[in-house]
Every structure is written in structure tokens, then in C-alpha cells.
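The following exercises are to be worked through with the structure in view. Each task is followed by a solution in steps.

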Amino acid sequence: MKPRNKALIIDDEKAIRRLLTLVLTEHGYQVFEAETAEEGMNQAAQRKPDVILLDLGLPDMDGQTALRRLREWCTVPVLVVSVRSDTDEKVKALNSGADDYITKPFDVPELLARLQAIQRRAGDTEKESVFTAGPLFIDYESRTVKVNNKVVNLSVIEYSLLRLLAQHQGKVITHKQLLRDVWGTVAEDRSQYLRVYMTHLRKKIETTPRKRMIRTEVGIGYRLVI
Amino acid sequence: MLENNPDKATINQSIVPGRLKIFLGMCAGVGKTYAMLQDAREELKAGKDVVAALVETHGRKETQSLLEGLPQIPRLKSRYRGIDLEEMDLDAVLSRHPKLVLVDEAAHTNIPGSRHPKRYQDIEELLAAGISVYTTLNVQHLESRADVVRQITAVPVNETVPDSLLEKADEIQVVDLTPDDLRERLAEKKVYLGPIADIAAVNFFKAENLTALREMTLRVAAEHTDKSLRDEMRVRGINGPWKAGERLMVSIGTSPYYDSLIRWTRRVAGALDCGWIAVYVETDTQLTKAETDSLTANLSLARQLGAEIITVAGHNVAQTLLRVARQSNVSQIVIGKSQEPWWHAMMHGGSLAQQLIRQSGLIDIYIVQPDKSGPETKAPQQIKISGTPQAWLTAGAVTGLLTLAFFIFSKNLGYGAIAPIYLLWVVIAGLRFPRSVVLAVAACCALLWNFLFITPKYTFAIGNVHDATMFIMFFVVSLAIGQLTAKLKTKEIAEQKRERRTAALYELAKQAALAPELDAGLTAGARLIENLLNSRIAITLRKPDRTLSPESHPASSLALEPKEYSVAAWVFTRGLPAGRFTDTLTGSAALHLPLQARTGIYGVLSVQPIRDKSFDISERDLLEALTGLMAAILEKDHFIQAFSRAEVIEASEQLHRALFDSVPHELKTPLAALKTGFESLLYLTKPESSKAREAAEEVSQALQRMQIVINNLLDMTRIQAGVIRPKLEWADVEDLAHSAIELASSALSQHKIKLDIGADILAVKLDQALIGQSLYNLLINAANWSPPQTAITIKAEIKEGRLKLVVQDEGPGIPVQDLTRVFDKFYRAAGAPTGGTGLGLSIVSGFVRAHGGTVTAANRPEGGAEFIIDLPVESSPTGNTEILA
């Protein structure tokens, strides 16, 4: 059995904090709570959590600022939990270093899935040589992609996109991150490249139209969900 | 002055005016219509949208055959004085809006009751509407050449068009024929001379006349070419031979002879290619009806010929003219040769010409002999008799009584003393009575004195030199006194008139401009105009959407009949005065003036005099000033309102920020706590009993509903606050549809989903969040209203820059009476499933409208309902693939 995961909850709502603690403890986390951003920073430094749940509406500091300050010294995966649902806010948080974003009110199973997904990155998915989930199989060494055991021929760019999504399975990857990783920084604002290649990629690997593997997060990015 | 607004018409025009091509000929029969039709057929062949609105073939076969095959607009038939007449259907042409329209014979006079008295005005309206026009014109119909033509041919020209039409022309094509050829055609009866080929018309076609007319035609065309060449040089910044700063000014009077003077000035101004001004100096003398009429005619002629009109008041004509000339940078003044008797000039310190020449300095003076050979329209000079009968009676009675008293006491007084007393009476009369009475009194006194008191008595003969001198002195002095005092009096009246005008403007400014409310101000202004001009008026204002309100403002005292309202509406769109006393839509009972301020037309002022009279110059001047002031008041109010609206918007934005930052937080946080709490409770206790699970299911559904309600309410608030600004991004329609289906997957679990996305749609620019949410709401709606296992179809197609997204179901459809109401807020159709808010569809409508599109509901013929989102989008059919390779 692995050592217990440590989670830090930074939220000024006492009820949310207590309920999250209850749920996370039940799912094997050791939980720490912080009411303000300042306290959250201290806790993060002292307790060295494996994952941080951050609310954006904190009394002492704007959530986005808190996120940037945290990222200056800390690489712990951060899940933003906020009532703000507009796309701009989400993109900003993700580009400031958050690993994923979930809006209140949320579904508990969804929250747990997201937490798992962002922690997996902290594990060594990048070193694994093979990816298997549902009908999808990827062999990173031979660059082979199979869907339902049938080999799919992907172009270099399509493959790079799929690999990036697979390595961060379940986690949203913003347009900017995808573009930077696949095309380099010059293409950061060319989301139409991405849209076209994503359409091609989907035509090759999607099998059930009602339950696609690559989900579109409108205005934010893409997520591989299997 | 009403005439003095040449620029106003162009202020509101954003339409590119059409092009005008004139086919110019020396007279009828040279083949203008034929040439026009040939050209039009070329254009038609080249694929241009050409329409013939009015082409007179006069039964000529060659012309008729050219006309065949050209699309035509039927003429408007009407009956006037028992004769069936046909005119161009202007409104039909405007609504058909072709690229190019053919309108024959620009100089034609429309039948009374048409919108414009003249056809060339119809053409101007077509041009202003952005329609290009081909028309034909004979040189004799050109206003500035009309008098020359009359001199050459001795045939009066009745139908004329202003030279400005020629200046407007982008192209002039001369249709030329030698006089011999024309006479040959005439002999072969190939030329139509009108219904009666009378002697005048035959005289007209004499060889020497035709030669002169031909020369004139070519010269007109040459002038036009010259002018366009110079314009071109100017546009390209080439230094050319034009004279800088030339400006002509013609002094206009009340005599009908001035029309030749005006035409002369126009020709010279045309040749010099410079602007010109026509000035009328209003002096103290009262004008007779005939004088007012010919003055109005002169002014409107000058305006038609393109002059800027200025009227000024002044005692001394020469000084006033020079003042205006200096203010307007005039380089040359044109005046008529004096028709005044020599002694008149003596009395005023030289004739007008002499005075001008003496004081003009650098300004050149032209003295032109007016042409008196024109039609004699002047009424026989009326002897001006002013004064009420009462004044005449009083003056007569006093003179009689005085004379009677002198007669009784003449022995005591002596005839010498009587004269000063008579003089005293003349002075008193001068202060009391109008000029005619005073002059009569002065003459009477002199004669009575001579007849009754100077020896030999009871004759007009005078015995000695002394008495004769006395009598002549008396006669001259009394007339002079009478004249002077009367002059003082007219000056005083003029002064009063001017003061009345100033007072009126001040009063309107005070009452209307300073009124706390616009309505009160307008009412005060309306009453003032009514009293001053003895008229009834109607004010029709602009609505916030910048169209003319169908109702008159409550301050109006004149009810506008539909016909009058249509005139007002025309004035509103064109920004030009129309109706009575103007030359547009003259058949209407009222004068309609645009309330034009700097930033636009704020409405129309309609004035109808109570007694059937026209407005004189000073009244029209006053009306113009009052209209301008009223427009300024409306403009001021418009800005005040715009300003306060801006303040309200700012306040609402602050409120909105508060609303959208804190309200969602306050609503969603406890809901999140509730949901998390409930789910963890469920997880921790793991209820075994089916009853507990049932209860848990209910609670969880209620929570789900509450979440939807809160989201819908927040979306609705955003729509209502008008703060939704679509963020356009390239999007993949298919992906958008899939995302909406995924989001709605639990609600759609019982239905089959079909996707029908047009293969040509690769990428469109839209706000994915707004349209995605709209699609989601439509899917949820379809799922709620159609039975399980039926299909829900999403269709997308792109056509002419519009994206159509259709969601179809196989449910019972929508009751017809509900088709438009389904998008109303909180509207829930009968039998709606529980759990909805009645907001889903109105949010769709709000989002789509914010995006500039429309959403409609319909029943499909094969059963089931469909919702159609129609959006204007930018699309990229290629999908940018090539740049990626």
C-alpha cells in the first residue's frame, strides 16, 4: 500500500472545507485546511502536500495572484475549485499554472477523478512506454496507435497531439499548451491549426460518437477521457 | 432665408449617388432617344441591371424596336382635367432599384399633383437614391440659355431645367446632326413636333436657327468638358489656369427684368467657373403684391441656377451691397442699368452704379442692360395708396375745419400767418398718418392757401412775385416735411418689424430652450410661431430609432392628413423643405420644413397659414430662424438624454459587476456545500433500504434542478443586462454539436441522436460558449418533449454567409398558438414536464440575438417540432489546411 496522499484545501468557506475534508479522508487522503491564501502558502511549504485544492475567491488575495505566487516555488499539482464559470477565468488559471479547474457546485466522483488525473502526471507517466485505456493503445517507443486492436496511421502532428493528451489523461490541456508543445511558441495564437488537426485525429480514432475519447472544453482546450 | 441651404441636403446622405449621363441635342429630332437606347442595350448586354422607366418613342419604328427587349416599368396613368396622362412611376422605380434607369426628356413638366413639378427633380431623387440615370435634353431647355434661344428663334421656351443638372452629369454625350440633315428628316416627317406641328414650331427649324442652336449645344458640351478637365486637374493637384478666389454677386430687385441679369451672371460665373451670389437688399419701402411676386420669382430663378441667396436689410443699397460683397469675398458685382429718373439719383447722392463705383475699391462693377424684350409679365404699376379710410376722413376733416377757421378769422390773421399754421398741421399729420395721406394733406393745404387766401382770391393765379415765391416755398417745404416725416414713420415700422423678429427669437430661446421639459418648451415654441405667423402648425419628431414618428407632437395645432404626413416624411428623409410655397410637392396645403441641426434631422415642422396667404420675405426669414432654433433645442435635448443614458449605463454596469461577481458566489457556494454534503452522506451511510434510496434519488434530482434554475437565472440576468458580447473564434461546428450532445448525454440517454452536418462546413467564426449552450438547451428541450426511442436530429448548413443550426424532434410538435410564445420568459406550454424553469428557450433566443442571429420554432410537415438558429457567420471552407503542411 502506498503512503497516504496529502491534500491541502485552501477555501474560505468553512462548510466546503469540512465537507471536502470528509470526502477526501474517506478516499484515503490526509487532509490539511487553510482559510486564507497566506495560510495556504505556509501550509504548502510546511506540509508538502501531494495535491492542492484552491478556491479563487479568497479574502486576502486574488486567487490568480495566489496561484502565480505558489507556482514561483512549488510544483505540486493544483486543482482550482471555484464558482466562477466563465471561460476567460478558467483559461487564465490554467495558463497561470493550475493543473485543472472544476466549478462549484461539482459532482463528487468528478472531483475525485480530476484529482487522480492531475496527480498521475506527478507520477512517471512520461517514462512509461505503453498507454492502454479503453479501446486505445499507444506504444510510445514504436509510435504505434491501435484502436480496438486495429492499427491507426497518424501523421506526426496527430500523433504528438494524442501522446500529449494521453500522457495527461483526464486532465484538460489548453490550446496554448498544446500549440506550444506540438508546434513551438510561435504558433501559440494559431488555434485554427489545432482545430483542423483535432478534427482529423478524431476521425481516425473516435469509434462511438456519443462518447468521444477526446472531449472539447469549449474555449479552453481538450481532454482525453476514457 | 429658406432658399439659402444648399448644403443641408447632403448631410444625411450616406448612399453613393448614382451616375448621370445626359444625351444632349440641339433640338427635337436629332436622335437622342435612339442614342440613349443603343447605349442602354450595350449596358444590358454587359450584364447590367437596366430598366426603362420612361422612353418616348413617338411611334418611330427604329426607336420602338430598340426599346423591345429592355425591361420596363409600367407608367403611372392618371386623369387630369379630363385627359388621360402618363407619368413615370417614381416610387416603382425606387422600390425596384435597378442599377441604371432610362428617363427620357429631362425638361418635361409633370402633371399637377405629382411629387415634383419637374421631371429633372425626379431624376435628382433617383440619383440621390443611388440609381444611375440616362436622360435626354435639348439645349433650348437649359435655364441659362432660355432667353438666348428666345432671342434667336422668337419662340418662347416654357419648360426649362436648371444648369445644375448639367453640372451634376458625369457624362454628356452630344447627339449631333447637321441642320441640313435635320431639315431633310423633317421633310420626310421623321421628326415629331408635338401634337400640333404649328407655325411656331416650323419657324423654329429655320436653317439659321438650327445653326445657332447647334453652336450653342457644342459650346455647352465644350464648357462641361473644360470644367471636368479642370476638376480632374484640381483633383490630381496639377496647377491649372483657373482663377483663384473669383466670386460674382448680382444685385436683385423687384423688377421682372432682373431675370436676364440673373442669367447673364450665371453664364459669366459658369465661364469663369466660380461661385456666385444673388443679393436682395430689403429697404424701407413697402412692396406691392406684384413686386413681392416678381422678387420671389427672381430669387427662385437665381436659386435654380445655382446661386447662393442672401437677403439683407439696409437703408442704403450701395453700402449694403458692398458690405455683403466684402463679407463674402466677392470679386465682381453685377447690377442692372438704372431705370430710375435722373432726379431720383440726384436726391440719393448719385445712382446706384455711381455710388458703387465710388466706394467699391478693388471690387469690379459690371453694369448690364436688362433685356426688356422678354414676356411682359409686369402688372400695370399700381398707385400705392396707403392709409385707412378713417385716416383719410380725419385728415380731411381737420384740414376742412382749419380752413374754415382761417376763413372766418382771415381778416385778423392775415394770409401770411396762415401758412406756418398749415405747415404745423402737415408736420402733425406726418407723425400721425401714412405717407399718401400726408402728401395729400400737404398738397391740399398749399392749394387751399393759394386759392382762398392769396390775392387774387378764389383763383390759383398769384398777383405778385412775393406771393408767388411764398407759395412755391410753402409748397416745397410742406411736401418735404410730409415726405420726411413719412419716411421716419416707415423706418419706425421697419424697425418695429426687426425688433419683433429679434423679440420672437429671444422669446423662443427663453421659453423653449430654458424650459425644464422638452414638451413644455416645444408647446411654448409652437404657440409663438402660430401667433407670429398667424398659422396652424404641426411638429412631428424623430423617434429613438431615427425614423419619423407617425404621430404629431401634442403641441401641434394642425392635424396632418395622411397626404400631408407623407410630404413630411419625404422632408424628413431628404432634409429639404417641401410642400406649399416650395417647388416640391406643391399640391400640399402646408409648408413642411426639416428641423435640421448640425447632427441630424430631428423632425419636421409643418406650417399652414390660417388665412390663405403666402409668407413674405421677412416672415420666411423669421420662420427659417425659428426652425433652426427649434432644431437646436431638440438637438440639445437629444444630447442631454444621451448623456443621462450614458450615466444610467455606467450605473447599471456597476450594479452588473456586483451582481455577477457576488450573486453567483452567494448562490452557488451553499449549493455546492449542499451537494457535496449530500453526496458524502450517501457515500458514508450507503443506504440499504429501497425507501431511503428512493428519497436520496429525489433529493439528488431536486439539487440538480436547483443548479439548472440558478444557472438559467444567472444567464437570463446577463441577457437582460445586455452585457453579452460574443467572443468570435474559429470553431468546428461538428465538434460544437458533439460537445453539446456530450453535455446533455444523461438527458438524451433514451433518444437516438442523428447528426447531419453539411460537408462544406469546416470552420465558422462564432462564440462557442453561447452557441454551444444554445444547442444544449435545444437538445434538452427536444428530449423533454419527445417520447423515448425517437430520434433527435441536429442539422447544420451554411449558405450566403449564414449558418443554420436546426434541432428536430419527433414529438407531438408545438401548438400553433404557442409557436411565437415559446421563446417568452417563464413561458411554459401546457403539459410541460416538471423541473423546467421556462427559461431554457428564452436563453437560447437571448444568446442567439446577442450574436446577431435569430431563432425560430416551427412544426415539421412530417411531424415533430424544429428549432432553427440562423446566424451571420464568417466561414472558412478551406479550413486552413494548406498552411499546416
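**Exercise 1. Determine the strand order and the pairing of the open sheet of 3 strands in chain A.**

Solution. The order is E10-E12-E11 (chain A), and the pairing is antiparallel. Strands are DSSP runs of E with at least two residues, helices are runs of H or I with at least four, and both are numbered from the N terminus. Two strands pair if DSSP finds at least two bridges between them. The edges are formed by strand E10 (172–174) and E11 of chain A, each of which pairs on one side only. From one strand to the next, the twist averages 30 degrees.

E10(A) and strand E12 (residues 221–224) of chain A are joined in the antiparallel sense by 3 bridges; in E12(A), A:Gly221 is the bridge partner of A:Thr174. Helix H6 (residues 156–167) of chain A packs on this sheet and touches E10, E11 and E12 of chain A. The direction of H6 makes about 65 degrees with that of E12(A). Such angles run from 0 to 180 degrees between N-to-C directions, with axes fitted to C-alpha atoms, for helices over the stretch in contact. Contact requires that the C-beta atoms of two residues, placed from the backbone, lie within 7 Å.

The model is predicted: local features need pLDDT of at least 70 and side-chain atom pairs count only at pLDDT 80 or more, while totals for chains, interfaces and linings use all residues. Residues are numbered from 1 along each chain as its sequence is written, and chains are lettered from A and ligands numbered from 1 in the order in which they are written.

**Exercise 2. Describe how helices H25 and H26 of chain B cross.**

Solution. The axes of H25 (residues 768–785) and H26 (residues 840–850) of chain B come within 9 Å and cross at roughly 155 degrees. H25(B) and H26(B) are therefore roughly antiparallel, a term for angles over 145 degrees. The contact includes B:Leu770 and B:Leu778 of H25(B) together with B:Val844 and B:Phe847 of H26(B). It has 9 nonpolar, 5 polar and no charged residues. Ala, Val, Leu, Ile, Met, Phe, Trp, Tyr, Cys and Pro count as nonpolar, Asp, Glu, Lys and Arg as charged, and the others, Gly among them, as polar.

**Exercise 3. Which element gives the most to the side of chain A that touches chain B?**

Solution. In total, 28 residues of chain A are in contact with 32 residues of chain B. Helix H1 (14–26), helix H8 (191–205) and strand E11 (214–217) of chain A each give two or more residues. H1(A) gives the most, with 7 residues. By class, this side of chain A has 14 nonpolar, 7 polar and 7 charged residues.

Key:
Parallel < 35°, antiparallel > 145°, perpendicular 65-115°, else oblique.
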